[in-house]
Amino acid sequence: MANQNINTTNESLVNYPSHVALVMDGNGRWAQARGLPRVEGHHRGAERLRDIVKSCPELGIPFLTVFAFSTENWKRGKDEVIGLTNLFRKYMGSESRELIEKGVKINFIGDREAFDQSLVEQMNQLEMATKNNDVLELTIAVNYGGKSEIVNMAKSIARKAIEGTIEPDHLDEMILDSYFSTSHLPDPDLIIRTSGETRLSNFFLWQAAYSELAFDKTLWPDFTVDHFKSHLIQYGIKERRFGAIT
Ligand code: IPE
Ligand code: IPE
Ligand code: MG
């Protein structure tokens, strides 16, 4: 029923996405175009994320994942990294009450241990405080890299093979999948990247095997719930074949 809200154009939707992932790109360019510091773009971007998160329950989307900081983003200047971590800190503080009240379950993926201990504790606490929520599962990828996740999976399996607790010939896709931080989630149905770039930039390399990919020229700080809805509508009229003939 809730999904009817997506269908604002009376097109007949074949599919509803259950898991939508967002590569929120273009904050820096948005700020630079206005002569503002890049961190101002990240700030505006965080507000857009708040709007999208709020819209998901109404749109009937149970799983939303957002790419907030990649394993490669450390290459940016120290000022930008500090600005971004301060922003995470601020938003986790200011949004936590509403997220808890609205039934949003927060889950962080990626290597959080690279951040300050106080930030790690804030992430752990937010996960704990929201762990029984079930309206929307919001996964936030920070210091996340698809290749790094595959390396970690290979290390764990190699260790088990040496211990003799895993038989290499018994490995299959389901077992490998269980080693990923997203194993409790369905694979993303739809991945939307803003800012006009048409690449994954090391996001969900394993999980994106059959995701629909949508690239939007809008810079993330300008991305509204209406843009989001239009991608859901476009997804809805696509036929996903998974290699079969229909
Ligand atoms: C995305 O915006 C946010 C992060 C990668 C943290 P960018 O900061 O990459 O913005 P552009 O791509 O430089 O415009
Ligand atoms: C991807 O954006 C990472 C995030 C949105 C967090 P980047 O801006 O880091 O990607 P590239 O460098 O343009 O590929
Ligand atoms: Mg970028």
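Reader: Where does ligand 2 sit?
Author: Ligand 2 sits in the largest pocket. Keep in mind that this is a predicted model.

Reader: And which residues are around ligand 2?
Author: The shell is made of Val 23, Met 24, Asp 25, Phe 67, Ala 68, Phe 69, Asn 73, Arg 76, Arg 193, Arg 199 and Ser 201. By class, that shell divides into 5 nonpolar, 2 polar and 4 charged residues.

Reader: Which element gives the most to the shell around ligand 2?
Author: Strand 2, residues 63–70, with 3 residues.

Reader: How far is the polar side-chain atom of Arg 199 from an oxygen atom of ligand 2?
Author: For Arg 199 the distance is 2.8 Å.

Reader: OK, on to ligand 1. Which pocket does ligand 1 take up space in?
Author: The space taken by ligand 1 is the largest pocket, which is also where ligand 2 sits.

Reader: Which residues come nearest to ligand 1?
Author: There are 13 residues around ligand 1, and Asp 25, Gly 28, Arg 29, Arg 38 and Arg 76 come nearest. Asp 25 and Arg 76 are also among the residues around ligand 2.

Reader: What about contacts? Which backbone atom lies 2.7 Å from an oxygen atom of ligand 1?
Author: A backbone N or O atom of Arg 29. Side chains contribute as well: an N or O atom in the side chain of Asp 25 is 2.8 Å from an oxygen atom of ligand 1, and for the side chain of Arg 38 the corresponding distance is 2.9 Å. Ligand 1 on its own exposes 380 Å², of which the protein buries 87%.

Reader: Which helices each supply at least two residues of the shell around ligand 1?
Author: Helix 1, helix 2 and helix 3. Helix 1 gives the most, with 3 residues. The shell as a whole divides into 3 nonpolar, 5 polar and 5 charged residues.

Reader: Now the pocket itself. What volume does the largest pocket have?
Author: About 1,100 Å³. Its lining has 48 residues, and those nearest its centre are Met 24, Phe 67, Ala 68, Phe 69 and Phe 88. The elements that give two or more residues to this lining are helix 1 (27–33), helix 2 (38–59), strand 2, helix 3 (78–101), strand 3 (104–109), helix 4 (117–130) and strand 4 (136–144).

Reader: Which of those gives the largest share of the lining?
Author: Helix 2, with 9 residues.

Reader: How many nonpolar, polar and charged residues are in that lining?
Author: The count is 25 nonpolar, 9 polar and 14 charged.

Reader: Last one, the second largest pocket. What is its volume, roughly?
Author: The second largest pocket has about 230 Å³.

Reader: And which residues lie nearest the centre of the second largest pocket?
Author: Glu 173, Asp 187, Trp 206, Gln 207 and Ala 209, out of 13 lining residues. That lining divides into 6 nonpolar, 2 polar and 5 charged residues.

Definitions and conventions: Residues numbered from 1 in each chain as written. Chains lettered and ligands numbered in written order. Predicted model: local features only at pLDDT ≥ 70, side-chain atom pairs only at ≥ 80, totals over all residues. Heavy atoms only, no water. Near = heavy atom within 4 Å. Polar contact = N/O pair within 3.5 Å; in protein donor to acceptor, adjacent residues only side chain to side chain. 1 Å grid on protein atoms, 1.4 Å probe; cavity = no way out; pocket = protein on both sides within 12 Å on 5 of 7 lines; lining within 4 Å. Sits in = over half its atoms within 2 Å of the grid points. Helix = DSSP H or I, 4+ residues; strand = E, 2+ residues; numbered from the N terminus. Nonpolar A, V, L, I, M, F, W, Y, C, P; charged D, E, K, R; others polar. Points joined across faces, edges and corners; volume = space filled by probe spheres on them. Areas by Shrake-Rupley, 256 points an atom, 1.4 Å probe, with all protein chains shown as cover.
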